Amino acid sequence: MSQATLLEEVVQWSPETCRQEVRAALPKLLSMHHDADSWEEHVNVFRIIVDMFLPHLPLAELEEECFSKVLPKVALMFTGFLEETSKQIGGLSSQNPEIQAFLRSILQMMVQTLETLSGCVRHVCSFEEAASLDSIRSLPTCVLRVLKDTFQHCKESEVMYSGRLSLVGDLLQCLFKEAYSLQKGLMELLEKINLDSSASREEISDLVTVIHSLLDICSVISTLDIALHANTWKFIIKQSVKHQAVVEEHLRHTDIASSLCEGLLASVCSSLDLAEQVRQTGLQKEAVQCAEYKLFQKTTKMSRFFANTLVHYIKEFKPFLSKSCAHFYQLCLQVLSKFPPSFTAPSVPPGLGEELRAAVLVPMDAVLTQLLPLRPFAECVLTPARNCSPELALPQCLLLVDVLGKLFSQPEDTLRLWCDGSQFSEETPRLSIFEAVFLSFRRCPPERAMPVRLPGVMLHGQAQVKVSLHQHVCVHLCGCVAALPPQQFPPLERALLGAVLQSDTQTALLATDVWCFLARYGTAELCLHHVILIAHLVSVFSWEFDLCVRSPVRFWKVAALLVADTLMEATVGVKSASETGNLREIPGRSYCRARIASPHCG
């Protein structure tokens with residue numbers, strides 16, 4: 001019997017005949033598919049195999065008897081479709097009906113191939129027993145390859161087809177629709193699969209490949225369809241967590257984390273662009289009715305999704321994310337730069353801005369909390385070599401202030417990580433959080449001059465007033481001082497002394513305000529220690545004009561906090577030390593004496 005005769009006969013068979021003849025007919029059909037001379041024959045034979053004979057194979061035989069023999073050829077054929085389309089697309093025009101008909105024929109075969117692959121997926125899902133990855137290994141591999149190529153073609157279609165898109169637009173829509181349905185079905189199938197500690201190395205590798213392939217697809221579909229993009233990410237995270245015990249050491253965590261960061265930032269920027277469009281239309285009162293606002297809501301929802309997904313992913317895979325800390329740090333700065341009071345924040349309607357702020361900054365606050373125990377993240381934030389661009393100087397300052405407010409709910413190791421600074425030469429250099437705050441404040445002269453306004457003291461969840469950057473930082477530093485364990489006072493006092501002695505007047509005044517709070521909040525003995533310390537600065541640095549002017553001011557601000565008896569003790573202590581020239585006679589801690597002994601301590 002010739003191949004043509006076999007095909008003509010097979011298509012007339014009933015389901016019962018197919019069931020009876022499957023063992024004899026299927027090998028012949030597979031051979032015909034492999035040796036087919038034309039794409040049309042490939043597509044036709046593939047459809048016959050799946051529609052008429054696949055339903056009569058048990059689950060355990062699908063891979064060996066069918067999938068492994070037919071699907072690799074299907075993937076190659078699909079690649080051939082795309083390559084031929086790219087070659088012929090230049091000649092597409094309404095004046096060239098032959099090329100138009102040829103390209104439409106290829107697109108129709110691509111749609112039919114996707115429909116047939118969906119039939120494979122539906123058949124595997126129809127079994128009551130859950131399939132193992134070993135039993136369908138070739139199916140996800142082929143489907144994911146075809147999906148990525150399809151979505152990439154759809155994504156590039158506007159450029160590829162240029163002004164001729166209308167000639168094939170209906171088929172491109174069908175192509176995307178079928179690809180969407182195929183991916184949805186594949187993810188539903190894979191969700192039924194469970195791997196435990198007894199899973200083979202091949203099964204683990206196959207699942208990791210599936211996750212990474214879908215990650216690659218995410219980069220393609222991000223601008224095609226919001227719902228598909230979100231559902232794909234949900235699947236990636238869900239499967240990564242579900243099979244965490246067997247896949248966590250094999251996942252490309254850096255790629256997953258960076259893709260989440262890029263997705264979040266892109267969604268925020270898209271939301272802000274749409275909010276600006278709403279403002280520019282002048283229809284803010286009717287904004288809820290306009291198309292831009294509805295799209296704004298969708299992208300804002302996507303921003304919230306990405307931020308919450310990032311929180312979840314960091315929580316589950318924190319030990320594997322050290323190399324991603326630079327991405328997380330840049331994300332924090334970039335997100336903060338998109339919202340007031342940053343000078344680079346776009347002008348958007350207040351209501352939309354608050355809607356986006358709530359969607360993004362609340363989960364980003366949880367992201368920051370998750371990152372605090374990671375040493376590489378602390379090193380990124382606190383590196384002395386950090387020189388942020390001007391537009392990120394304020395976000396850096398605000399990020400450090402946010403860190404200050406979170407430290408005292410952290411374990412002791414995390415507190416020391418942020419407060420102590422680097423202790424040994426072999427460590428990556430890092431400042432203490434206090435030094436970093438003063439340094440970042442110093443790098444914000446435009447924001448101090450304007451000045452920018454930030455939320456003040458909170459009461460019942462509402463900021464009572466808007467305050468300057470100076471007051472905002474000062475309040476949080478003082479709150480930190482009030483909760484600071486005694487063993488963390490040395491790095492705080494070193495930072496205060498360094499800030500007082502440097503040349504920027506506003507930073508020195510900020511340090512003075514915090515120093516006064518520290519003296520007042522502490523005991524009379526601590527206040528006395530600080531008065532004598534500052535008094536000696538006046539004599540030690542009398543040759544430095546700026547310090548000579550500013551140090552007495554600090555002296556009297558702190559001295560005013562002393563009672564009469566203690567003030568007299570301070571006067572005697574300073575006079576004695578001045579007459580002998582011996583700094584050791586001044587009461588105080590050894591680390592403070594060491595700082596004063598060096599004329600370069602600022």
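H11 passes H12 in a left-handed crossing. This is a predicted model, and I will start with that pair.

Helix H11 covers residues 253-281 and helix H12 covers residues 291-317. Their axes come within 8 Å and cross at roughly 155°. Angles over 145 degrees count as roughly antiparallel, so H11 is roughly antiparallel to H12. By class, the residues in the contact of H11 with H12 are 17 nonpolar, 10 polar and one charged.

Next, the other pair. Helix H5, residues 97-125, and helix H7, residues 169-191, have axes that come within 9 Å and cross at roughly 15°. H5 and H7 are therefore roughly parallel to each other. The crossing of H5 and H7 is left-handed. On the H5 side, the contact residues include Leu 107, Met 110, Val 111, Leu 114 and Val 121. From H7, they include Leu 171, Leu 175, Ala 179, Leu 182 and Leu 186. Sorted by class, the contact of H5 with H7 has 16 nonpolar, three polar and four charged residues.

Last, the cavities. How many cavities of 30 Å³ or more does the structure hold? There are three. The largest cavity has about 110 Å³ of space. Its lining consists of 13 residues, and those nearest the centre are Arg 386, Gln 396, Leu 439, Ser 440 and Arg 443. Which helices each supply at least two residues of that lining? They are H15 (375-382), H16 (390-406) and H18 (433-442). The lining of the largest cavity divides into eight nonpolar, three polar and two charged residues.

Technical notes: Residues are numbered from 1 along each chain as its sequence is written. This is a predicted model: local features need pLDDT of at least 70, side-chain atom pairs count only at pLDDT 80 or more; totals for chains, interfaces and linings use all residues. Side-chain values use heavy atoms; hydrogens and water are left out. Axes are lines fitted to C-alpha atoms, for helices over the stretch in contact, and angles run from 0 to 180 degrees between N-to-C directions. Helices (H or I, at least four residues) and strands (E, at least two) are DSSP runs, numbered from the N terminus. Angles under 35 degrees count as roughly parallel, over 145 as roughly antiparallel, 65 to 115 as roughly perpendicular and the rest as oblique. A crossing is left-handed if the near helix is turned anticlockwise from the far one by less than a right angle, and right-handed if clockwise. Contact means heavy atoms within 4.5 Å. Ala, Val, Leu, Ile, Met, Phe, Trp, Tyr, Cys and Pro count as nonpolar, Asp, Glu, Lys and Arg as charged, and the others, Gly among them, as polar. On a 1 Å grid over the protein atoms alone, a cavity is a set of points where a 1.4 Å probe fits but cannot get out, and a pocket is an open set with protein on both sides within 12 Å along at least five of seven lines; lining residues have an atom within 4 Å of a point. Grid points are joined across faces, edges and corners, and a volume is the space filled by probe spheres set on the points.
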